[in-house]
Amino acid sequence: MTSEPKFHIIRWVIFALVALAIIIPVIVSEKIKLPDTSSRVVKNIYDKIESLPAGSPIILSIDFDPSSDEELRPMTMAILRHVFRKKLRVIGMTIWSPQSSGLMGDIFTTAAKMENKQDGLDYVIMPFKPGGSSVILNLSQDIFFTYPKDYKDKSTKELPVLKGIRTLKDMKYAMCISAGNAVDVWIVYGKEKGKMPLGAGCTAVMATDYYPYLQSGQLVGLMGGIGAAAQYESLIGEKGIATERMKPQTVVHSLIIILIVVGNIVYFTRRRKG
Amino acid sequence: MPESITTMQIIETWLAVGFTLMIYTFLYKDNPIFKLGEYIYVELTAGYAVCYAWFTVIWPDLIYPLYRALTVSFHIKQWEKPLESHENLWLIIPLVLGILMLTRFSSKFNWLSRYTLAFIMGSVSGMSIPLVVSANIFKQMVPTLNPFWGPEVTIFQTINTCLILVGVIAVLIYFFFSVEHKGAVNKVARLGIFYMMVSFGAAFGYTVMARESLVIGRVTKLIKWASPDYYYATIILLFIIIGLVVLTELFSSRGERTE
């Protein structure tokens, strides 16, 4: 029982150290320089998008809501800017939650403004439809039946961006950026039915779950968390939010490694003393 | 206030800062200010989801097309625009199934919702089983069946295949309880534990990164919102929230003493 107040104090010391490890690098971020690196799994997504000819239709499924916005928006922005630069036709959709639609609208509009792209001509945003797997199965039969109208209530049949597209099989690439199980749904239903190459982006918590799908070739590449977003920003030569956020991230990681080492030393020393 | 920042954005910022700080008071302990922020967030999310579902799904995909189909079928009304393929009387089936789900609120009629659930389970199983088996079992077996050597196989790929194969077998044996874990079986099972520990360690590392990303994102914004452009929103609201937490603590401790 005597160790409880000590533990309480140590907890607060750790909180304070983590807070400082975040706040100080944010304030002096310009002085911190990190090397440009990219892992194979992230580069595979970049290479896949690079290999697509201009005008190729792709699906970008934005399956996260505001609670994961801080972590997944940077990678979505980086991907969108890349596909817009490559002049690909982008179909934005979500199978996750109604809140994703608003976020998707905001992210697409911001990226389109940066890359000078037009709604309906270069990209289209579809409204949220519940059902998850059923929506994807419907897409594998008829996109216009699944989404008769877009996010802005325009008839999808009249949109130039969807010209020549009928089903999921017409897609040259699909990417799901998810904070939940949407990647699993896309692997099982989208990939199996559409047969198109599939990439995934997810919160770092989930990243390890999807490595087996990389080895089996069911996923082209994988982006896990803010680290992968920073790598992608470096690949497209547009260092942005993710790169900035990797600076405090690196400091906090170093702090946590030190804390783990110190914790282990204290534990083993105490055990030896009995 | 810079021209690029509108009054609406200022209001939004103050709300965002207020709710963020309210939620962060949980770091101190569970308290009424945190609870207020949490409840408002949950209720807003639920309300938004209901409204969104009504305006983008229930009304345009079910009620309105069914209304058009009914009025045309029973010659009640003539529409300028002819009926589309999805506007037909078959929509009555999902409508009835959906209404049956709402009977769960009644203790007398909640058994009716089982028909809807049975329909969902039956149809989803039919759609899913072949695809899930293919994607999650057959295709997942492929990496364990890669060739160990060949003209295009590098030494690293051979090592990778060996590691995967050994890992799959060791972990499967760890979860194989029909044989007592003794001798060689025990050794292989322990190797399975080692593989799982590596996996948990990687998952923990990623989890730390995920949680930090959320905090860093929020802290970065809170620092930005502490500027004069946003009328020092973070600083002012930080003092207000701390004050409120202290007040609620004082009231609760006084209440405890009175009791």
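**View 1. Chain A as a whole.** Residues 24 or more positions apart make up 73% of the contacts in chain A with a separation of 6 or more (contact: C-beta atoms, placed from the backbone, within 7 Å). The model is predicted: local features need pLDDT of at least 70, side-chain atom pairs count only at pLDDT 80 or more, and totals for chains, interfaces and linings use all residues. Residues are numbered from 1 along each chain as its sequence is written, and chains are lettered from A in the order in which they are written. Chain A has ten helices and six strands (DSSP runs, numbered from the N terminus: helices H or I, at least four residues; strands E, at least two). Its C-alpha trace spans about 75 × 40 × 35 Å along the principal axes. Of its 274 residues, 49% are buried (20 or more other C-beta atoms within 10 Å of the residue's own; exposed means 12 or fewer, partly exposed in between).

**View 2. The side of chain A that touches chain B.** Each chain brings 39 residues to the contact. Elements of chain A giving two or more residues include α1 (3–27), α8 (204–215) and α10 (241–273). The largest share, six residues, comes from α8(A).

**View 3. Helix α1 of chain B.** B:T13, B:V17, B:L21 and B:M22 are buried. On the other side, B:M8, B:I11 and B:E12 are exposed. The cover over the buried residues includes α2 (32–73), α6 (183–224) and α7 (233–258) of chain B.

Note on methods:
Two residues are in contact if their C-beta atoms, placed from the backbone, lie within 7 Å.
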